[in-house]
Protein chains: 2
Amino acid sequence: MVKKKPLILVTNDDSINAAGIKALIETMCEIGEVVVVAPGKPQSGMGHAITLETPLRLKEIFNKGHKEYICSGTPVDCVKLAVNVILKRKPDLLVSGINHGSNSSINVIYSGTMSAAIEGALEGIPAIGFSLLNYAYDADFTLAQKYAKAIALNALEKGMPRGTCINVNFPSLIEKEVKGVRICRQANGNWQEEFDERKDPAGRKYYWLTGVFVNYDKGNDTDEWALANGYISIVPVQYDLTAHHAVPFLNEWSYEI
Amino acid sequence: MVKKKPLILVTNDDSINAAGIKALIETMCEIGEVVVVAPGKPQSGMGHAITLETPLRLKEIFNKGHKEYICSGTPVDCVKLAVNVILKRKPDLLVSGINHGSNSSINVIYSGTMSAAIEGALEGIPAIGFSLLNYAYDADFTLAQKYAKAIALNALEKGMPRGTCINVNFPSLIEKEVKGVRICRQANGNWQEEFDERKDPAGRKYYWLTGVFVNYDKGNDTDEWALANGYISIVPVQYDLTAHHAVPFLNEWSYEI
């Protein structure tokens, strides 16, 4: 059963100033007591990074009846600080996003949004990462908000299998164009990188990471397929990275020194 | 068959100045043509972070017959720059480490060392992360070097299953104390964090992440068990994070808006 006032932790990687987290906060305030702990500046691509070389800072602000904490660190730092310093009890739900841009396929491992959700799973908290396939600052989150609410209510009522969280991606479509929700696996895709080589005013080279995503996966059970075909994709995500199928292969190696 | 002069890319997360990478370079020079691309400063805990907000820089140096590139970014940035900018062909092997300190159990997701290896797997390169359970700057890497050589020769000869790399952890023992090598799964463990709260000279709070690792896993097929019982642990690691077993559970949810 859903509790009367579930405690919901909200974070993201686009920073506390992003429109996506504002949309998510608004929606979560409809179903629970909300505490926000989010980075003060963009943390896209931070993956599961934690801050070890510098100390962390928190700034507390009040915003329309809920508390928001601006954190100097990464999305995973935000979750750790929320759970261990800020919150008096374990939250009933962690939501991360709504990310401006896709986190499907391999992007799950680079994504600060999803790493925050994975950290939630590690803490035993039902956790969801939400992403919209639209990078624009003023993207329309209306439909994503409706589905985020429905999905969050499921998670609050039913929990998650141990060791897992979920990765939700919304196609950039209006309501009547969306065909529904598909539970998927992570597509086998990757980035074909190119570095943009430039010279600074002193003549020294520097590099910007750029590239194009390539989907190698022909399956119709993947997140890429779902999103390309008008569905919202949900991928269950785990933090056990063991490639169990490779164990026999490695047992055949010779380990003599 | 092992090629005459395999091309071996060496990286780490403790920085190019660490004793562990110097030991690994020395060993890899015995079996191949070595190119080093490593961070200029410590990148422990950076996970799979990539640098998007600032450009990257590379500094090239020559060192006893091989080239070394000092990179301003993360371990994953090092791999991407090596593959896309520096190397003329795909390396035959990527080795990362030897890390000063354990990367067993859940540490695989926080580890820059292992994220570099995972990025290698993504690029289709046989890739190995090595870690020694000793944080000391002047730790003895002699035994780790011997096993690293044997394991690297296996990887060069036999390759890796698609989508996987391996995570090798060495106990801090001398040769006669080591019982051998065990192929393991990632133990189910986690950090119980505490934040050390302090005040700066201006009276403002700041936080240092600290904590203790807790192993919840009683299995004797885990990396934690192997290391605690005198074995070298090898865990095959994959970047497909899909929790396939959770798909039926999520198909039971209601997605009505």
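The structure is a predicted model.

Chains A and B meet in a contact that takes 67 residues from chain A and 67 residues from chain B. On the side of chain A that touches chain B, 39 residues are nonpolar, 18 are polar and ten are charged.

Within chain A, helix 2 (residues 75-86) and helix 4 (residues 112-122) have axes that come within 8 Å and cross at roughly 30°. Because angles under 35 degrees count as roughly parallel, helix 2 of chain A is described as roughly parallel to helix 4 of chain A. The crossing of these two helices is right-handed. Helix 2 of chain A contributes Pro75(A), Val76(A), Cys78(A), Val79(A) and Lys80(A) to the contact, while helix 4 of chain A contributes Gly112(A), Thr113(A), Ser115(A), Ala116(A), Glu119(A) and Gly120(A). By class, five of these residues are nonpolar, four polar and two charged.

In chain B, the axes of helix 2 (residues 75-86) and helix 3 (residues 112-122) come within 8 Å, with a crossing angle of roughly 30°. Helix 2 of chain B is therefore roughly parallel to helix 3 of chain B, and the crossing is right-handed. Here Pro75(B), Val76(B), Cys78(B), Val79(B) and Lys80(B) of helix 2 meet Gly112(B), Thr113(B), Ser115(B), Ala116(B), Glu119(B) and Gly120(B) of helix 3. Five nonpolar, four polar and two charged residues make up this contact.

Helix 1 (residues 19-29) of chain B has as its buried residues Gly20(B), Ile21(B), Ala23(B), Leu24(B), Ile25(B), Thr27(B) and Met28(B). These buried residues pack against several elements of chain B, namely strand 1 (7-11), strand 2 (33-39), strand 5 (93-100), strand 6 (127-132) and helix 4 (142-158).

In soluble globular proteins, nonpolar side chains tend to be buried together. The largest nonpolar core of the model holds 161 residues, of which Ile128(A) and Ile128(B) touch the most other members. Leaving aside residues up to four places away in sequence, Ile128(B) touches Val95(B), Ala117(B), Ile151(B), Ala152(B), Ala155(B), Cys165(B), Ile166(B) and Val168(B).

A further buried position is found in a loop of chain A. Thr222(A) lies between strand 10 (205-215) and helix 6 (223-228) of chain A, and Thr222(A) is buried because 24 other C-beta atoms lie within 10 Å. The contacts of Thr222(A), not counting residues up to four places away in sequence, are Cys184(A), Arg185(A), Ala187(A) and Asp217(A). Thr222(A) and Arg182(A) are separated by 40 residues in sequence, and their C-alpha atoms are 8.9 Å apart in space.

Several features concern the backbone itself. The peptide bond from Gly97(A) to Ile98(A) is cis, with omega near -5°, and Ile98(A) belongs to strand 5 (residues 93-100) of chain A. In chain B, a cis peptide bond joins Gly97(B) and Ile98(B), with omega about -10°; Ile98(B) lies in strand 5 of chain B.

Positive phi values occur in residues other than glycine, including Ser15(B), with phi near 95°, and Lys64(B), with phi near 50°. Ser15(B) is located in the loop between strand 1 and helix 1 of chain B and counts as partly exposed, because Ser15(B) has 18 C-beta neighbours inside 10 Å. Lys64(B) is located in the loop between strand 3 (58-63) and strand 4 (66-71) of chain B; Lys64(B) is exposed, with 9 other C-beta atoms within 10 Å.

How values were computed: Residues are numbered from 1 along each chain as its sequence is written. Chains are lettered from A and ligands numbered from 1 in the order in which they are written. This is a predicted model: local features need pLDDT of at least 70, side-chain atom pairs count only at pLDDT 80 or more; totals for chains, interfaces and linings use all residues. Axes are lines fitted to C-alpha atoms, for helices over the stretch in contact, and angles run from 0 to 180 degrees between N-to-C directions. Helices (H or I, at least four residues) and strands (E, at least two) are DSSP runs, numbered from the N terminus. Angles under 35 degrees count as roughly parallel, over 145 as roughly antiparallel, 65 to 115 as roughly perpendicular and the rest as oblique. A crossing is left-handed if the near helix is turned anticlockwise from the far one by less than a right angle, and right-handed if clockwise. Two residues are in contact if their C-beta atoms, placed from the backbone, lie within 7 Å. Ala, Val, Leu, Ile, Met, Phe, Trp, Tyr, Cys and Pro count as nonpolar, Asp, Glu, Lys and Arg as charged, and the others, Gly among them, as polar. A residue is buried if 20 or more other C-beta atoms lie within 10 Å of its own, exposed if 12 or fewer, and partly exposed in between; C-beta atoms are placed from the backbone. A nonpolar core is a set of buried Ala, Val, Leu, Ile, Met, Phe, Trp, Tyr and Cys residues joined through C-beta atoms within 7 Å.
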